[in-house]
Amino acid sequence: CFATMDGDDVQLIPMADMFNHGSGQDVEIELSWDEDGSCCAYSTCDIPANRPLRISYGSYNPNNVSIRNAAGAVDPSFLFARYGFVDHVAPATFCKLLVHNPSPELKQVGYDPSQMLFYRDSGKISHPVWNVVLYQTLEQRAEEKLVDENG
């Protein structure tokens, strides 16, 4: 999906959807739209045969305020949610484990929205995620046990 000319919506562009993602110097193709709304692709350099054609789907720029989450941490999850990958320059993305009104105990075991991460290279999740999931699971089981005993 690509943003429309006015940027308010997204659209499928079958040929452009075939381009790979690149960032920085890895981008060889730029897209533009003519006055009729047709998508045009242009090469920005000479491209050797058999080389993948890459455009930028978006960038992981730590200075870009629009990719920061509510905690203020850089959040590359837009690329992950829309395109299914994390840019190679972003080491991790947020796993979207959000707890509304976390208890003091949950905060004590490590709940911090900016630390709810999984890592691109290994696929592992951060220790605070494990701690929070374990705590919530044990808390739920304790509540279920109380209901069983009292019910």
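Which residue in S5 is the bridge partner of isoleucine 29? In this predicted model, the partner is serine 43. The strands S4 and S5 run antiparallel and are joined by five bridges; two strands are taken to pair if DSSP finds at least two bridges between them. The hairpin of S4 and S5 has five residues between its strands, and in this hairpin glycine 37 adopts a positive phi near 90°.

Residue numbers start from 1 along each chain as its sequence is written, and side-chain values rest on heavy atoms, with hydrogens and water left out. Because the model is predicted, local features need pLDDT of at least 70 and side-chain atom pairs count only at pLDDT 80 or more, while totals for chains, interfaces and linings use all residues.

Stepping back to the whole chain, the protein contains three helices and eight strands, where helices (H or I, at least four residues) and strands (E, at least two) are DSSP runs numbered from the N terminus. Read from that end, the elements follow the order β-β-β-β-β-β-α-β-α-β-α. Of the 151 residues, 26% count as buried; buried means under 20% relative accessible area, exposed over 50%, and partly exposed in between, with a 1.4 Å probe and protein chains only. The protein exposes about 10,400 Å², of which carbon and sulfur atoms supply 53%, the areas coming from the Shrake-Rupley method with a 1.4 Å probe and, for residues, with only the protein chains shown as cover. Among contacts (heavy atoms within 4.5 Å) with a separation of 6 or more, 43% involve residues 24 or more positions apart.

Two salt bridges are present in the structure, each being a side-chain nitrogen of Lys or Arg within 4 Å of a carboxyl oxygen of Asp or Glu. In one of them, arginine 51 meets glutamate 28 at 2.9 Å, N to O. This pair links distant parts of the chain, 23 residues apart: arginine 51 lies in the loop between strand S5 (39-43) and strand S6 (54-55), and glutamate 28 in the loop between strand S3 (20-21) and strand S4 (29-33). Glutamate 28 is buried at 1% relative accessibility, whereas arginine 51 is partly exposed at 35%.

Glutamate 28 also forms a salt bridge with arginine 54, and here the closest N and O atoms are 2.5 Å apart. Again distant parts of the chain are linked, with arginine 54 in strand S6 and glutamate 28 in the loop between S3 and S4, 26 residues apart. Arginine 54 counts as buried, at 15% relative accessibility. Through shared partners, the salt bridges join Glu28, Arg51 and Arg54 into one network.

Most residues other than glycine have a negative phi. Asparagine 50, although not a glycine, has a positive phi of about 70°. Asparagine 50 sits in the loop between S5 and S6 and is exposed, with a relative accessible area of 83%. Asparagine 101 likewise shows a positive phi, near 55°. The place of asparagine 101 is the loop between strand S7 (92-94) and helix H2 (104-108), and at 74% relative accessibility asparagine 101 is exposed.
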